Amino acid sequence: MARIAGRFARVEPRRRVGRLVLGLLSDLPRKNCWTIAEWAGESTPDGMQHLLGRAKWDADQVRDDVRAYMVEHLRDDQAVLVVDETGDVKKGTDTVGVQRQYTGTAGRIENAQVAVYLVYAGRRGHAAVDRELYVPRSWTSDPDRCRAAGLGDKTEFATKPQLAARMVTRFLDAGHRAAWLAGDEVYGGNPTLRAALEERGTGYVLAVACSHEVTTGAGKFRADTLARKVPKRAWQKLSAGSGAKGHRFYDWAVIGLTDPRPGSRQLLIRRNRSTGELAYYRCYSPAAAVPLTTLVRVAGSRWRVEEFFQSSKGLAALDEHQVRRYPSWSRWVTLAMLAHAFLAVVRANEHDRDPAPDALIPLTCNENQRLFITLVIRPAFDPVHRLGRSDWRRRHQTRSQTSHYRRQAART
């Protein structure tokens, strides 16, 4: 919290943001301005709501602090930046960026808000270093609607690959380095993003569709056509990294591609050892051709972003914001990223200082959070909780009961 203290000119928001972040790290079953304010002993949620909506501080500057904190503690010369989007199902039409669109969270088209995240994944851990809200054309074509939601009058539509390129550019312009970028077909199929990465000398392993066309010495082919030409001896069994059930083993093959521009380009093919299902990756390295094991490691890093979504939503309430305007959204998700980054750094440092015995798995972010709640949060906040909760609940339960009886009387 000392890292971001200078972003707040007054002491009140500086103290309140500390309580909000601790609330995000707490064991509250639901985390929003109301529940965190009650938990922190505040008489109303007005202060928390003011902090997110109207107080003067720049969420982008705090984001930069989070990014520097992450890279400093998890620095890895072979780190992989992973980009992906996640959606939060919403009701109504007033929440910024919401419309009916596909979201993997629900697995179908829903009324949802979608954001793109950039995750830094190294050997010591991973966490998000940037975020961008996806604003659909239905919003950018309506300046009045954008203005009401806290977006600028001149907000322009940007695709998800464009948002990814924007975040990677910010990361590199800040002086940080990452050897690779990984992403799914949404990003691998975009030639503009690939060209931007090549221009910055950043390697990538990006998933592409089976119909994606590539050029070899023998001509231009679809990816699935090339896969059928791979001889049996060319497949190698390699692990894409450890999962919940151990190493994820697949069969892999790589085909060299031709291109007059500098750098090495390859098509990586993954085959499921049980079902035979194939997946394809467009690969680029600014230097000479890299070993197959390196490409497989980078491709396997893409799962880190899914782990981040699951962990940050479960531990730091990334998706529990009950806000409608863009400034409040950007502030909430940035502070949730900070809370999750803290857990990731504690986990990495603990693994270095006190490795787990062979018979035990290393401490996870979930276990570190439970220890933090027990040793730090509860001793500091339980007395406040006990003193302030009864008055809070008495006031709001009375209001709720009065409203209930009024509605009941109106129905009768």
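**Entry 1: the pocket**

For this entry I take a pocket to be an open set of grid points where a 1.4 Å probe fits, with protein on both sides within 12 Å along at least five of seven lines. I am working from a predicted model, so I keep that in mind throughout. I looked up the largest pocket and found about 1,200 Å³ of space in it. Its lining counts 34 residues, and the closest to its centre are His126, Ser242, Arg304, Glu307 and Arg347.

Next I asked what classes of residue make up the lining of the largest pocket. I noted 11 nonpolar, 15 polar and 8 charged residues.

Which element gives the largest share of that lining? I found helix 12, with 6 residues. Other elements that each supply at least two residues include strand 3 (108-122), strand 4 (125-133), strand 9 (236-243) and helix 13 (326-353). Helix 11 (292-300) and helix 14 (365-411) are also among them.

**Entry 2: helix 12**

I checked its length: at 1.5 Å a residue, its 14 residues (303-316) should span 20 Å, and the end C-alpha atoms are 19 Å apart, which agrees. I then listed its buried residues: Val305, Phe308, Phe309, Ser311, Ser312, Lys313, Leu315 and Ala316. A lysine is on that list, Lys313, and I marked it for my own reference. Just after the helix, I saw that Ala317 takes a positive phi of about 60 degrees.

**Entry 3: salt bridges**

I counted salt bridges next and got 32.

- I looked at Asp65 and Arg7, whose side chains meet at 2.8 Å, N to O. Asp65 sits in helix 4 (residues 59-74) and Arg7 in the segment before helix 1 (11-25), so this pair links distant parts of the chain, 58 residues apart. Asp65 counts as buried at 13% relative accessibility, whereas Arg7 is partly exposed at 30%.
- I looked at Glu42 and Arg19, which form a salt bridge at 3.0 Å, N to O. Glu42 lies in the loop between helix 2 (33-39) and helix 3 (46-53) and Arg19 in helix 1, so the pair ties together parts 23 residues apart in sequence. Glu42 is buried, with a relative accessible area of 12%, while Arg19 is partly exposed at 23%.
- I looked at Asp251 and Arg273, with their closest N and O atoms 2.5 Å apart. Is Asp251 buried or exposed? I found it buried, at 10% relative accessible area; Arg273 is partly exposed at 45%.

I also found a network of salt bridges that links Asp60, Arg63, Asp64, Arg67, Asp130, Arg131, Glu132, Arg166 and Arg170.

**Entry 4: the whole chain**

Last, I stepped back to the whole chain. I counted 14 helices and 12 strands. The radius of gyration is 24 Å, close to the 22 Å that the globule rule gives for 412 residues, so the chain is as compact as a globular protein of that length. Along its principal axes I read a C-alpha trace of about 75 × 55 × 45 Å. How many of the 412 residues are buried, as a percentage? I noted 49%.

How values were computed
Residues are numbered from 1 along each chain as its sequence is written. This is a predicted model: local features need pLDDT of at least 70, side-chain atom pairs count only at pLDDT 80 or more; totals for chains, interfaces and linings use all residues. Side-chain values use heavy atoms; hydrogens and water are left out. Helices (H or I, at least four residues) and strands (E, at least two) are DSSP runs, numbered from the N terminus. The expected span of a helix is 1.5 Å times one less than its number of residues. Buried means under 20% relative accessible area, exposed over 50%, partly exposed in between (1.4 Å probe, protein chains only). A salt bridge is a side-chain nitrogen of Lys or Arg within 4 Å of a carboxyl oxygen of Asp or Glu. On a 1 Å grid over the protein atoms alone, a cavity is a set of points where a 1.4 Å probe fits but cannot get out, and a pocket is an open set with protein on both sides within 12 Å along at least five of seven lines; lining residues have an atom within 4 Å of a point. Grid points are joined across faces, edges and corners, and a volume is the space filled by probe spheres set on the points. Ala, Val, Leu, Ile, Met, Phe, Trp, Tyr, Cys and Pro count as nonpolar, Asp, Glu, Lys and Arg as charged, and the others, Gly among them, as polar. The radius of gyration is taken over C-alpha atoms; the globule rule is 2.2 Å times the number of residues to the power 0.38.
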